[in-house]
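I opened these entries to record what I looked up in one protein chain. The structure is placed here for reference.

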Amino acid sequence: MEFTDKTMLFNKHELKQLDLQATLLHVYDALKEKGYNPQNQIIGYLMSGDPAYIPRHKDARNAIRQFERDEIMEELLNAYLVQHRRN
């Protein structure tokens with residue numbers, strides 16, 4: 001590892017965003033493995049706040065509950081807007 005004398009910036013928001021993205025993909029995969037429709041289950045959780053929409057399989061329920069529902073919705077909206085602004 002090479003060291004530099006340049007100042008490095010640490011962006012806590014970007015790190016949390018990456019964690020949230022990885023968590024959503026993990027939850028999606030866990031739902032798919034259990035035979036659920038991931039979109040429907042995640043929407044049900046976001047709308048109701050009821051964690052029963054997310055299975056305990058692969059610790060998906062605990063993983064998604066690390067984040068506030070409004071944080072998850074904000075990330076999903078941002079991803080949607082970025083994707084559609086490219087087109």
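The entries below cover the model, the overall fold and two residues.

**Basis.** I worked from a predicted model, in which local features need pLDDT of at least 70, side-chain atom pairs count only at pLDDT 80 or more, and totals for chains, interfaces and linings use all residues. Residues are numbered from 1 along each chain as its sequence is written, and side-chain values use heavy atoms, with hydrogens and water left out.

**Overall fold.** I found four helices and zero strands in the protein chain, in the order α-α-α-α along the sequence. Helices are DSSP runs of H or I with at least four residues, strands are runs of E with at least two, and both are numbered from the N terminus. I noted that 24% of the 87 residues count as buried, that is, under 20% relative accessible area with a 1.4 Å probe, protein chains only.

**Y45.** I located Y45 in helix α2 (residues 38-48). Y45 counts as buried because its relative accessibility is 5%. Beyond its neighbours within four places in sequence, I listed its contacts (heavy atoms within 4.5 Å) as D50, P51, Y53, I54, I64, R65, F67, R69 and I72.

**E75.** I placed E75 in helix α4 (residues 69-86). E75 counts as buried because its relative accessibility is 9%. Leaving out residues up to four places away in sequence, E75 touches Q17, L20 and Q21. With Q21, I recorded a side-chain to side-chain polar contact at 2.9 Å; the term denotes a pair of N or O atoms within 3.5 Å, of which, within protein, one must be able to donate a hydrogen and the other to accept it, and residues adjacent in sequence count only if both atoms are side-chain atoms.

Note on methods. Buried < 20%, exposed > 50% of the residue type's maximum accessible area, 1.4 Å probe, protein only.
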